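Subject: Structure handover

Hi,

Here is the structure for you to look at. My notes on what turned up follow below it.

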Amino acid sequence: MRIWAGRAVVAAIALALALAVSGGTASADEGWVITSFHSDIQMGHDSLLTITENIDVDFGSLQKHGIFRTIPLQYRYNDTEDRYYKVVVISVTNGQRSIQYDDYVDNFDEVIKIGETDRTVSGPQRYVVKYTVQGAMNRFADHDELFWNVDGDRWPVPKEAVSASVTIPAGSDREAACYEGPAGSREACSVTHLNNSYTFTAQRPLSSGEQMSIAVSLESGAVNVIPPMLTARAREFPDDAFDINPLTVGLALLIAIAGIAAVAWNWWRHGRDRAYLTRYYEAPAGTPEEPEPLFKHEPLVVEFGPPQNMEPAALGPILDEHPGPQDVNASIVGLAVRGYLTITDVPLFLGFHDWQLTKKQADENALLPYERTLLNGLFEGRDEVKVSELKGKFRSTLQSVESQVVSDAMSRRLFTANPNTARGRWGCLGVGVLLLGGVATYFLGIELGWGLIGLAVVLIGGVLVATAMNMSQRSAAGRELLLKTLGFRLYMDTAEKYRQQFAEKAEIFTQLLPYAIVFGVVNKWAKAFEGIDTSQANSSWYVGNAPFQAALLSSSLQSMNSSISTAISASPPSSGSSSGFGGGGGSGGGGGGGGGGSW
């Protein structure tokens, strides 16, 4: 049959509505079947539809209270409005007597729940549901039309037979069409015409997720088709949440620019290091300061020793504003070099190594607080420990040492605020803004279509999180120390230039080795001492199994540092008790439909 003019538009809209309303169609068979579904539709002159559905089911041996029938009430009409129908339930019977039912609206569906809570049935059952529908007819330029989904595709069970009859005012008929199958199917079903009535019959059983849809065309004016009943469309996220217009785009850009500018201003004030107005190495209190000039780069001057004679772990936070395992590794080697412990290389099979740390008797009063914590955490009342034995047991010590290293830096006024606190504060603020932006995106999008405004807030939160690591600030004294530290690192990074001096003072290799670990230049530092005998300076703290060479020590220490990093960062085991083993017209294109189920 030919498709009537203008029908494609309505069919496409109705198909989208049916898909949206039907959502995910149940595909699991519940163990019962609809043996017959017949719908008798009477069309009044006022376009009111009186529909009587005869639904025959077979529950088999299952014990059920009854069925429920769901009929969609609201459909997408355009970008801002939904179309709705008025459904009034008249009666529910078994063909002979009334059956108890309850009807209510749930999520834009009319739900008819049939049956009694205190009574179950089984085997074949019949349900006759009668209701009226207002607002379902469509008016076009040259005809009026009913496009209706008879049974709906949301039944969780198959339907062995589906049919429908439509009675229209006498002399008003033009033509009719019928479709069966899943949504969008153009598979035709049977249509017969007698006088002012059409009969439609599915050609095969319809599975769960399939339905039969019918279309009947009438002469214009044969019935009084009321205009579509419309209501403001409920927005769906995310499809309808992001209106693109000058207002939303302008506001989103304004908020994003203002927010990012605020983050930039905050970094300008609190993220850049402070600097003395004139150069000082150890400036007296009260010396004027200013934020570090943005594009001014101080030339590095080589330093030939640790600035202010600071221990290696204390210089780590100055470099990257965060103490880490590498700084703790350097402290362990530093304690060994200063006579508090010895490190013994213990070869294992296949070239693997372990390292034994042996505590030596020494005056611990000269140690800094974090060094005492480190030494006590390594040995815990014993005199010997292997690095492999620290795994899973050293994390709390690591955290305490890192915290005390930062406290030491704060006591020296090297930062304007605790860097961990500063980063954490801005990171938490960023996460909070992200969450706020996410909530705003959803609710502004659902209510007004202003999701872009929320996304602008999300962007600001993302920038805050991304820049949180840059929100710690060195004081002017800390910046001066940083420049000296960078100069010292430059010296160790280019150590080969000073080989002649090293030959005359070989013990400097051992003395500065912990700093090479902090700076990550152990290999370069060792290479500068190739061919220079440094064994005497190392024999008091390092025991190896081969003739001493600086390069061999470097390789061994790199491996040991990797093992220590793994050990000190490993989390302790869980205390849990669980075991570790184990085209226009088509099916679904009209109003009505829906589905149902059993209970």
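Helices here are DSSP runs of H or I with at least four residues, numbered from the N terminus. Please keep in mind that the model is predicted.

Gln326 belongs to helix H4. Ala313 sits 13 residues from Gln326 in sequence, and the C-alpha to C-alpha separation is 8.4 Å.

S1 covers residues 33-43 and S2 covers residues 49-58. The two pair in the antiparallel sense, over 10 bridges. Met43 faces Leu49 of S2. The hairpin of S1 and S2 has 5 residues between the strands. Within the hairpin, Ser47 takes a positive phi near 70 degrees.

Which way does S1 run relative to strand S12 (residues 162-167)? These two run parallel, joined by 6 bridges. Asp40 stands opposite Ser165 in S12.

Ser163 is another residue of strand S12. Its relative accessibility is 18%, so Ser163 counts as buried. The side chains of Ser163 and His38 make a polar contact of 2.7 Å. Not counting residues up to four places away in sequence, Ser163 touches Phe37, His38, Ser39, Val150, Phe200, Thr201 and Met212. As background, side chains in a regular strand alternate between the two faces of the sheet.

**Thr441 in helix H7**

Helix H7 spans residues 419-448 and includes Thr441. Thr441 has a relative accessible area of 5%, so it is buried. What lies 2.7 Å from a polar atom of the Thr441 side chain? It is the backbone oxygen of Gly437. Beyond four places in sequence, Thr441 touches Phe237, Phe242, Gly451, Gly454, Leu455 and Val458.

**Positive phi in two loops**

Asn309 is not a glycine, yet its phi is positive, near 55 degrees. Asn309 is in the loop between strand S20 (289-291) and helix H3 (312-320). At 65% relative accessibility, Asn309 counts as exposed.

Glu380 is not a glycine either, and has a positive phi of about 45 degrees. The loop that holds Glu380 runs between helix H5 (369-379) and strand S23 (384-386). Glu380 counts as exposed, at 56% relative accessibility.

Best wishes

Key:
Residues numbered from 1 in each chain as written. Predicted model: local features only at pLDDT ≥ 70, side-chain atom pairs only at ≥ 80, totals over all residues. Heavy atoms only, no water. Buried < 20%, exposed > 50% of the residue type's maximum accessible area, 1.4 Å probe, protein only. Polar contact = N/O pair within 3.5 Å; in protein donor to acceptor, adjacent residues only side chain to side chain. Contact = heavy atoms within 4.5 Å. Pairing = 2+ DSSP bridges.
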